[in-house]
Amino acid sequence: MRDPQKPNSVMPGNEHKWFQEVDKCVYSRFDSSGSGVIICLYVDDMLIFGTDQLQVDETKSLLSSKFYHEKHGIVSSNFEICNVSVIATDHLQVDKVERLMTSKFVMTDLGEVDMILGIRIKRVNKGIASTQSHYVEKILKKFNYSDCSPVSTPMDPRVMTMPNKGLAVSQPEYSQALGCLMYAMIRTRPDIAYAVGRLSRYTSNPGTQHWQTIKRVFKYLKGAMDYFNTGHRLFQEKLSE
């Protein structure tokens with residue numbers, strides 16, 4: 001149940017009711033020892049995370065039993081997943097999952113994933129890194145900043161953003177630019193989180209100063225377009241085509 005005084009919040013004690021209202025795309029199952037599996041669904045993509053192979057095997061058996069029951073004569077021909085990405089600690093675990101799934105479904109192995117949900121994947125030492133350099137390039141072009149001069153920081157520390165008391169700039173364009181920045185921020189670019197957070201305060205009445213600050217974020221991204229995010233740090237490296 002949502003708090004009528006705060007539309008974007010949930011009343012204490014009613015979190016489970018709010019959860020029932022939203023689309024469920026993350027499923028998890030863990031036992032008392034901490035072993036378990038997490039399944040993430042997004043449109044026609046599925047990500048499967050398992051703490052060990054046994055949990056993955058049991059989950060696959062459960063999924064297949066839901067869509068094919070010989071003893072009841074139930075067959076579903078409408079179950080189709082276009083893309084499945086399996087992430088594991090080593091290739092042996094991935095191979096086991098692939099063999100299990102190919103025994104249950106008709107599948108084509110497209111090799112190691114290099115892009116999922118619009119995010120490019122790069123393999124680094126003991127892990128993976130993600131980037132949205134192509135997306136950053138796209139939004140710079142959209143707002144005519146492809147040829148801008150880059151700056152080293154997303155905000156000027158000497159400039160304090162304040163509520164607009166003068167003429168407002170285009171609110172739809174401001175919100176659109178801010179939304180584009182936020183899309184990158186929440187996925188791979190935490191380095192612009194502070195700037196985006198500050199600018200979000202003035203969405204209802206943006207002024208010239210706020211638009212100039214957005215321009216600075218674009219200029220910063222111009223010089224930091226090829227940053228990769230490992231989950232622990234950001235590093236810059238050119239993508240090999």
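1. Asparagine 144 is found in the loop that runs between helix α4 (133-142) and helix α5 (171-185), and the model in which we see this loop is a predicted one. Most residues other than glycine have a negative phi. Asparagine 144, although it is not a glycine, has a positive phi of about 60 degrees. With a relative accessibility of 69%, asparagine 144 counts as exposed, because the cut-off for that word is over 50%.

2. The structure holds four aromatic pairs. One of them is formed by tyrosine 145 and phenylalanine 218, whose rings are tilted, with 5.5 Å from centre to centre and 35 degrees between the planes. This pair links distant parts of the chain, since tyrosine 145 belongs to the loop between α4 and α5 while phenylalanine 218 belongs to helix α7 (residues 208-223), 73 residues apart. Tyrosine 145 counts as buried at 12% relative accessibility, and phenylalanine 218 counts as buried at 0%, because buried means under 20%.

3. A further aromatic pair is made by tyrosine 174 and tryptophan 211, again described as tilted, at 6.4 Å centre to centre and with 50 degrees between the planes. Tyrosine 174 lies in helix α5 and tryptophan 211 in helix α7, so this pair ties together parts that are 37 residues apart in sequence. Both tyrosine 174 and tryptophan 211 are buried.

4. Together with Phe143 and Tyr145, Phe218 forms one aromatic cluster. If residues up to four places away in sequence are not counted, phenylalanine 218 touches Ile139, Leu140, Phe143, Tyr145, Cys148, Ala177 and Leu181.

5. Lysine 122, for its part, lies over the face of phenylalanine 228, at 5.8 Å from the ring centre.

Conventions. Residues numbered from 1 in each chain as written. Predicted model: local features only at pLDDT ≥ 70, side-chain atom pairs only at ≥ 80, totals over all residues. Heavy atoms only, no water. Helix = DSSP H or I, 4+ residues; strand = E, 2+ residues; numbered from the N terminus. Buried < 20%, exposed > 50% of the residue type's maximum accessible area, 1.4 Å probe, protein only. Phe/Tyr/Trp six-rings, centres within 6.5 Å; stacked < 30°, edge-to-face > 60°. Lys NZ or Arg CZ within 6 Å of the ring centre and 35° of its normal. Contact = heavy atoms within 4.5 Å.
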